[in-house]
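Work through the exercises below with the coordinates open. Each task is followed by a solution in steps.

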Amino acid sequence: MLVITRKMDESITIGGDIRVAVLGIKGNTVKLGIDAPRQTPVYRTEVYQNIIAENLRAAELPQDLSFLDGHPGKKEGA
Amino acid sequence: MMSQRNALNSNEPSAQLLEIQTSRFGVVHVEADKLIHFPEGLLGLPDHHDYCLLPHQPGSPFFWLQSVTVPYLSFVVIDPLLGEPNYFDHLPDADRQLFEGVEDGNVIVLALVTVKPEKDPPLTMNLVGPVVVDQRTRTARQVVLTSTRYSCRHPLVLK
């Protein structure tokens, strides 16, 4: 991994069209601003990984799908 | 509230029928122009680009997103508004942009459903990473909300 030290209001440029700026630093939290083309998705890494994991879980379907009988709605009495 | 037109069940006449092998349904026939192409695949499954939508059962709110090339690769999907009617409300502008075209019926949104009988609740849907299908181009992608309002395992309750 390339490691670069940046100060507040400084940024890095990735390729020709992505810029990541340090907008704020507070305690152990860094606020980043990202300029990227619309077709370049930007994800929080843990969210991205959660979705990958959930996709793989969703692809593992049980043989018995009787759980799918019915329609969405609140449980009776709820 | 945005609404999704009932586009999943459209029955326009179509041309060529493709034969698709599936583990769960055996051989099914799908109209060639009803295939859905994912240029980037689903997240974590970047090598699988082509799927079709099959109804679960007559009258069921569920559909199957079935790979055209891998018989055992399929997902249960649902219109997320059926389980979470306010899904599109209160989203930041960045996320609303992901759903452009929903209101005029050009785009449909599907949530992947996870079925785990041993869990409570057994049914959850992924509201952070919905699938957005552009019906005009028959292309789709799995988008990721920036909002932290929803989870990958949003309870889906059936009655």
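## Exercise 1: the layout of chain A

Task: state what share of the contacts in chain A with a separation of 6 or more comes from residues 24 or more positions apart.

Solution. Residues 24 or more positions apart supply 0% of the contacts in chain A with a separation of 6 or more, a contact being heavy atoms within 4.5 Å. The model is predicted: local features need pLDDT of at least 70, side-chain atom pairs count only at pLDDT 80 or more, and totals for chains, interfaces and linings use all residues. Residues are numbered from 1 along each chain as its sequence is written, chains are lettered from A and ligands numbered from 1 in the order in which they are written, and side-chain values use heavy atoms, with hydrogens and water left out.

Next, take the secondary structure, where helices (H or I, at least four residues) and strands (E, at least two) are DSSP runs numbered from the N terminus. Chain A has one helix and three strands, in the order β-β-β-α along the sequence. The radius of gyration of chain A is 21 Å, well over the 12 Å from the globule rule for 78 residues, so chain A is more spread out than a compact globule. That radius is taken over C-alpha atoms, and the rule is 2.2 Å times the number of residues to the power 0.38. The C-alpha trace of chain A spans about 55 × 30 × 25 Å along its principal axes.

Last, of the 78 residues in chain A, 23% are buried; buried means under 20% relative accessible area, exposed over 50%, and partly exposed in between (1.4 Å probe, protein chains only).

## Exercise 2: aromatic pairs

Task: find how many aromatic pairs the whole structure holds over all chains, and classify the pair of Phe38(B) and Tyr51(B).

Solution. The search gives seven aromatic pairs over all chains. Rings of Phe, Tyr and Trp (its six-membered ring) pair if their centres lie within 6.5 Å; planes under 30 degrees apart are stacked, over 60 edge-to-face, and the rest tilted. For Phe38(B) and Tyr51(B) the ring centres are 5.1 Å apart and the planes stand at 70 degrees, so this pair is edge-to-face. Phe38(B) sits in the loop between strand E3 (36-37) and strand E4 (50-55) of chain B, and Tyr51(B) in strand E4, so the pair ties together parts 13 residues apart in sequence. Both Phe38(B) and Tyr51(B) are buried. Elsewhere, ring pairs join Tyr87(B), Phe88(B), Phe99(B) and Tyr150(B) into a cluster.

## Exercise 3: the surroundings of Cys152(B)

Task: decide whether Cys152(B) is buried or exposed, and list what Cys152(B) is in contact with, leaving aside neighbours within four places in sequence.

Solution. Cys152(B) is in the loop between strand E10 (139-142) and strand E11 (154-155) of chain B. Its relative accessibility is 12%, so Cys152(B) counts as buried. Beyond the neighbours within four places, Cys152(B) is in contact with Asn50(A), Ile51(A) and Glu54(A), and with Met125(B), Asn126(B), Leu127(B) and Val128(B).

## Exercise 4: backbone angles

Task: find which peptide bond is cis at Pro121(B), and what phi is at Asp9(A) and at His90(B).

Solution. The cis bond joins Asp120(B) and Pro121(B), with omega about 0 degrees. Asp9(A), not a glycine, has a positive phi of about 70 degrees; at 62% relative accessible area Asp9(A) is exposed. His90(B), also not a glycine, has a positive phi of about 65 degrees and is exposed at 57%.
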